[in-house]
Amino acid sequence: MASEELAQKLQRRLQLEASGAAEEGEAEVAKGAAEEEEEAAAERSCLTASAGAELSAKLCRRHDINEGAAQPRRAAVFNPYTEFKEFSRRQIKDMERMFRLYDSGRDGYIDLMELKLMMEKLGAPQTHLGLKNMIKEVDEDFDGKLSFREFLLIFHKAAAGELEEDSGLLTLAKLSEIDVSIEGVKGAKNFFEAKAQALSSASKFEAEIKAEQDERKREEEERKHRRAAFRELKSAFTQ
């Protein structure tokens, strides 16, 4: 009887040990699978980071701007004379003067409202959406405004024929007083002709406005004369 009871206890102990070993084995397998998954995820992350680090940084910057959490960036120092070698020093000086003229905030940027004023002064006013699209075309750092380098990009792209015909930036470049045709830049001849055409169109537009203003003045003068004549006639009858 005692031996039988002892045998049952031994059998029970063996079953418990076997069960514990199985559970331990399953835990080890699960742990190994988890480690492999973590290694694979880390590898994928590294590959993604190396393949698109620049794009990822720009997307993160855009997200921060949209969320209002973007930190102001310190403007990178660059030499326009070495980076934009297709332009002469005189041309770059002219571009810099134009940039400073419309940088009314004196912060080294032309924002949307300053660009709006610029286009109005050039005789080619733009809609709010049009102004945003103009900035977007050369806004490399997604800050929603134009740095001096991005302003130079407008003329670089215009002279190289890289802007669409209906682009507001092309209109800006055409209507500016900066002539890039002198240095023989690629596409400069077409650029100069387009500029002359745009100036002609702007002059025609101004002439039409002036004609309308003169017509309104003439009509107003006629109304004044008619009112004066009526008052004189009325005065004659009342005497």
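This is a predicted model: local features need pLDDT of at least 70, side-chain atom pairs count only at pLDDT 80 or more; totals for chains, interfaces and linings use all residues.
Residues are numbered from 1 along each chain as its sequence is written, and side-chain values use heavy atoms, leaving out hydrogens and water. Helices are DSSP runs (H or I, at least four residues), numbered from the N terminus.

**Helix 6 and helix 8**

- Helix 6 covers residues 128–138 and helix 8 covers residues 168–175; their axes come within 8 Å and cross at roughly 85 degrees.
- Those axes are lines fitted to C-alpha atoms over the stretch in contact, with angles running from 0 to 180 degrees between N-to-C directions.
- That makes helix 6 and helix 8 roughly perpendicular to each other, a label for angles of 65 to 115 degrees.
- On the helix 6 side, Met134, Glu137 and Val138 meet Gly168, Leu169 and Leu172 of helix 8; contact means heavy atoms within 4.5 Å.
- Sorted by class, this contact of helix 6 with helix 8 has 4 nonpolar, 1 polar and 1 charged residues. Here Ala, Val, Leu, Ile, Met, Phe, Trp, Tyr, Cys and Pro count as nonpolar, Asp, Glu, Lys and Arg as charged, and the others, Gly among them, as polar.

- The whole structure has 12 salt bridges, each being a side-chain nitrogen of Lys or Arg within 4 Å of a carboxyl oxygen of Asp or Glu.
- Arg90 and Asp94 form one of them, at 3.1 Å from N to O. Both sit in helix 4 (residues 89–102), 4 residues apart, or about one turn of the helix.
- Arg90 is partly exposed at 44% relative accessibility, whereas Asp94 is buried at 18%. Buried means under 20% relative accessible area, exposed over 50%, and partly exposed in between (1.4 Å probe, protein chains only).
- Glu96 and Arg100 pair up too, with their closest N and O atoms 3.1 Å apart. They also lie in helix 4, 4 residues apart, about one turn of the helix.
- Glu96 is partly exposed at 21%, while Arg100 is exposed at 51%.

**Salt bridges elsewhere**

- Arg223 and Glu220 meet in a salt bridge at 2.6 Å, N to O. They're 3 residues apart in helix 9 (residues 188–238), so about one helical turn separates them.
- Arg223 counts as partly exposed at 34% relative accessibility, and Glu220 is partly exposed at 28%.
- Glu83, Glu140 and Arg149 are linked in a network of salt bridges.

Methods
Helices (H or I, at least four residues) and strands (E, at least two) are DSSP runs, numbered from the N terminus. Angles under 35 degrees count as roughly parallel, over 145 as roughly antiparallel, 65 to 115 as roughly perpendicular and the rest as oblique.
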